[in-house]
Amino acid sequence: MCSAYVIGQVTVHDPERWMEYVERVPATLAPWGGEVVMRGQRTDMLAGEPGHPNIVVLRFPDRAAVEQWHASAEYQALVALRDSAAQVDLAAYQA
């Protein structure tokens, strides 16, 4: 079985609302075996065009877990909060 990852590229517009979202996400990951691998802020642009200044990496046991997490009522309940706080581009990857 191969791990699957969700990479989020983020530009925060409302830091208070964003922190509320960040604090609530881990509880939505647990039922699907997901975990936050890292959250970070870009320090340098080494190649290419600059995009969002922040990144988050989530790891799941497999692609099905990613799909189930993203579609879950618990996570979907946070989407409006997420979208009011930041511009977020999410992509799923299979390792």
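User: Which residues make the nonpolar surface patch of about 210 Å²?

Analyst: This is a predicted model, in which local features need pLDDT of at least 70 and side-chain atom pairs count only at pLDDT 80 or more, while totals for chains, interfaces and linings use all residues. Residues are numbered from 1 along each chain as its sequence is written, and side-chain values use heavy atoms, with hydrogens and water left out. Patches are made of residues with over 30% relative accessible area and no salt bridge, with nonpolar side chains (Val, Leu, Ile, Met, Phe, Trp, Tyr) joined within 5 Å and like charges within 9 Å; areas come from the Shrake-Rupley method with a 1.4 Å probe, and for residues only the protein chains shown count as cover. The patch is made by Val37, Met38 and Ile55.

User: Is Met38 buried or exposed, or partly exposed?

Analyst: Met38 is found in strand S2, residues 35-41; strands (E, at least two residues) and helices (H or I, at least four) are DSSP runs numbered from the N terminus. Buried means under 20% relative accessible area, exposed over 50%, and partly exposed in between, with a 1.4 Å probe and protein chains only. At 37% relative accessibility, Met38 therefore counts as partly exposed.

User: Over what arc around the axis do the buried residues of H2 lie?

Analyst: In helix H2, residues 63-71, the buried residues are Ala65, Val66 and Trp69. They lie on the same side of H2, because the arc that they cover around the axis is only 105°.

User: Which residue's backbone nitrogen does a side-chain oxygen of Asp62 reach at the start of H2?

Analyst: A polar contact is a pair of N or O atoms within 3.5 Å; within protein, one must be able to donate a hydrogen and the other to accept it, and residues adjacent in sequence count only if both atoms are side-chain atoms. At the start of H2, the Asp62 oxygen comes to within 3.3 Å of the backbone nitrogen of Ala64.

User: How far apart are the closest N and O atoms of Arg63 and Glu67?

Analyst: A salt bridge is a side-chain nitrogen of Lys or Arg within 4 Å of a carboxyl oxygen of Asp or Glu. Arg63 and Glu67 both lie in helix H2, four residues apart, about one turn of the helix. The closest N and O atoms of their salt bridge are separated by 3.4 Å.

User: Which residue forms a salt bridge with Asp83?

Analyst: Asp83 is partly exposed, with a relative accessible area of 46%. With the closest N and O atoms 2.9 Å apart, the residue paired with Asp83 is Arg82.

Technical notes
Arc of directions from axis to C-beta.
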